[in-house]
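Please look over the sequence and the structure shown here before reading on.

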Amino acid sequence: MDTTLTQPTGGSTLTLPAGFRWGVATAAYQIEGAVAEDGRTKSIWDTYSHTPGRVDGDDNGDVACDHYHRMPQDVALIRSLGLDTYRFSISWPRVQPGGSGALNPKGIDFYQRLVDELLAAEIDPWITLYHWDLPQELEDAGGWPNRDTAYRFADYAALVFDKLGDRVDNWTTLNEPWCSAMLGYAYGRQAPGYEDFPAGIRAVHHLLLGHGLATQRMREAATALDHPIKLGITLNLGTAHPATDTPEDRDAARRADGLNSRLYLDPLFRGSYPADVIEDLTARGAELPVQEGDLEVISTPIDVLGVNYYTGWLISHLDEDGNTHDADGVIVTRDVPRGRPVTAMGWEIVPECFTELLVRLSQDYPGVPIVITENGAAFEDSPAADGSIHDVERTAYIAEHLNAVQEAVAQGADVRGYFCWSLMDNFEWSYGYEKRFGIVRVDYQTQERTLKDSAIWYRDQVQAWRDSLAG
Ligand code: FCB
């Protein structure tokens with residue numbers, strides 16, 4: 001693989017606008033550990049990861065990065081990188097065990113201390129309310145395919161906002177509802193692990209409804225507090241290009257774009273589900289359980305769209321054996337390799353698709369500022385004898401993608417910030433601990449944190465950008 005370090009254009013200094021935010025991101029279950037402490041109950045990820053065979057190496061988040069006990073050190077680490085924002089998620093079963101009733105004082109206290117620690121370090125907290133860890137009791141009651149879960153989520157959001165809304169400005173309702181719904185309920189690749197396509201589509205609608213209800217509740221509360229906040233949602237998006245210029249592949253690319261991206265963007269920003277996607281879903285026996293007024297709730301205006309980008313998709317209408325339908329009779333929509341270098345996840349590195357995506361979003365869904373809430377890469381890091389980690393590939397990945405953001409901004413996209421995924425190596429869901437996304441290495445035996453070269457490069461880039469604005 002080509003590991004040449006690509007510097008962003010315009011010499012080594014980024015040319016992003018003043019006020020651009022720089023951060024790192026994490027998620028509760030991936031870093032906290034302490035799963036049975038201080039009243040926390042189980043989430044679907046505890047159940048899933050403890051089910052043999054679900055996660056690589058049968059890893060689980062019981063200890064993870066032990067962040068629950070090392071939080072002040074981790075905040076100091078972020079400060080040492082000179083970053084201005086930290087995106088983290090709140091563990092629903094930690095603050096509201098079982099997913100209903102009053103808040104657990106010890107659970108919410110952890111996040112109050114985290115927020116205070118961040119503010120004291122002059123780091124802006126950026127809260128994600130739901131990064132996949134649904135309380136198990138709510139799953140037992142039907143999970144996201146059950147409409148009631150949307151209302152439970154709004155109640156939880158309002159309770160958390162009541163405790164932290166006076167001093168946290170940035171709020172994201174959901175992280176990547178596509179993953180929760182499709183990987184969780186339709187394709188069985190994440191918790192809770194069902195393979196039921198229609199259930200996945202019901203989950204899509206209820207996640208979006210939960211987002212809208214929570215947005216309304218938090219907006220009302222913020223108005224009452226007279227605290228101007230920034231509210232949003234984070235989607236995982238990419239570009240879907242046809243593998244060949246045939247009508248069949250073009251239609252496959254349309255289907256992929258519809259199911260992965262427009263199914264979320266259209267209701268959020270246009271107040272309607274895309275007609276072609278509804279048709280595709282109907283053909284697969286799936287239905288969005290829309291009730292009167294739902295789309296008005298879902299399209300409640302938001303202040304920011306969080307975009308998580310890792311790769312672009314090249315879509316074929318044929319499977320590996322040349323079939324147009326799978327064994328269940330489902331029409332094929334397959335992401336095919338384009339022969340570019342890949343990360344340790346097997347994801348192709350296509351930064352130009354990132355630019356294209358951001359420009360497209362600003363054209364098709366204008367008026368909402370974008371923040372890159374995740375971008376980064378897993379590679380197999382091998383520490384040198386002195387313990388340093390020369391992760392040239394990760395640095396190149398980040399550099400190329402920052403370059404792509406810069407290019408999108410130059411083409412008119414309204415991008416306001418970039419958060420690297422991730423602050424530190426962590427529990428990478430179904431892949432366990434083997435896939436390392438951190439710019440900081442975690443030694444899971446000792447819990448020692450070591451800055452990788454990419455962290456040092458990122459710190460220096462941000463500093464150089466600040467200096468360029470000042471000078
Ligand atoms: C995203 C998730 C995040 C992490 C990265 C690699 O889909 O939001 O938690 O797993 O992928």
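**A walk through the model**

Ala 34 has its place in the loop between helix H1 (28-31) and helix H2 (44-49), where helices (H or I, at least four residues) and strands (E, at least two) are DSSP runs, numbered from the N terminus. The phi angle of Ala 34 is near 45°, which is a positive value in a residue other than glycine. With a relative accessible area of 7%, Ala 34 is buried, a word that means under 20% relative accessible area, while exposed means over 50% and partly exposed is in between (1.4 Å probe, protein chains only).

The model is a predicted one, in which local features need pLDDT of at least 70 and side-chain atom pairs count only at pLDDT 80 or more, while totals for chains, interfaces and linings use all residues. Residues are numbered from 1 along each chain as its sequence is written, and side-chain values use heavy atoms, with hydrogens and water left out.

A positive phi in a residue other than glycine is also found at Asp 226, where the angle is near 60°. Asp 226 lies in the loop between H9 and strand E5 (230-236), and, with a relative accessible area of 68%, Asp 226 is exposed.

Next come the peptide bonds. The bond from Ala 191 to Pro 192 is cis, with omega near 5°, and Pro 192 is found in the loop between helix H8 (177-186) and helix H9 (197-225). The bond from Trp 421 to Ser 422 is cis as well, with omega near 15°, and Ser 422 belongs to the loop between strand E11 (415-421) and strand E12 (440-443).

How many of the residues of H8 are buried? The count is 10 of the 10, so H8 is largely enclosed by the rest of the structure. Among these buried residues are Trp 178, Cys 179, Met 182, Leu 183 and Tyr 185. The buried residues of H8 pack against E3, helix H6 (136-140), E4, H9, E5 and helix H10 (247-270), with contact taken as heavy atoms within 4.5 Å. H8 is followed by Gly 188, whose phi is positive, near 65°.

Now turn to the aromatic rings, of which a search of the whole structure finds 33 pairs. Rings of Phe, Tyr and Trp (its six-membered ring) pair if their centres lie within 6.5 Å, and planes under 30 degrees apart count as stacked, over 60 as edge-to-face and the rest as tilted. The ring centres of Tyr 130 and Phe 153 are 6.2 Å apart and their planes stand at 75°, so this pair is edge-to-face. Because Tyr 130 lies in strand E3 (residues 124-130) and Phe 153 in helix H7 (residues 148-164), the pair ties together parts that are 23 residues apart in sequence. Tyr 130 counts as buried at 1% relative accessibility, and Phe 153 counts as buried at 0%.

Phe 161 and Trp 171 form a tilted pair, with 4.9 Å from centre to centre and 50° between the planes. Phe 161 lies in helix H7 and Trp 171 in strand E4 (residues 170-175), so this pair ties together parts that are 10 residues apart in sequence. Both Phe 161 and Trp 171 are buried. Elsewhere, ring pairs link Tyr 29, Trp 45, Tyr 48, Trp 132, Phe 427, Trp 429, Tyr 433 and Tyr 444 into a cluster.

The last topic is the packing of helices. Two packed helices are described by the angle between their axes and the distance between the axes. The axes of H10 and helix H11 (residues 275-283) are 10 Å apart and stand at an angle of about 110°; axes are lines fitted to C-alpha atoms, for helices over the stretch in contact, and angles run from 0 to 180 degrees between N-to-C directions. That makes H10 roughly perpendicular to H11, since angles of 65 to 115 degrees count as roughly perpendicular, under 35 as roughly parallel, over 145 as roughly antiparallel and the rest as oblique. Arg 254, Arg 255, Gly 258, Leu 259, Arg 262 and Leu 263 in H10 meet Asp 276, Val 277, Asp 280 and Leu 281 in H11.
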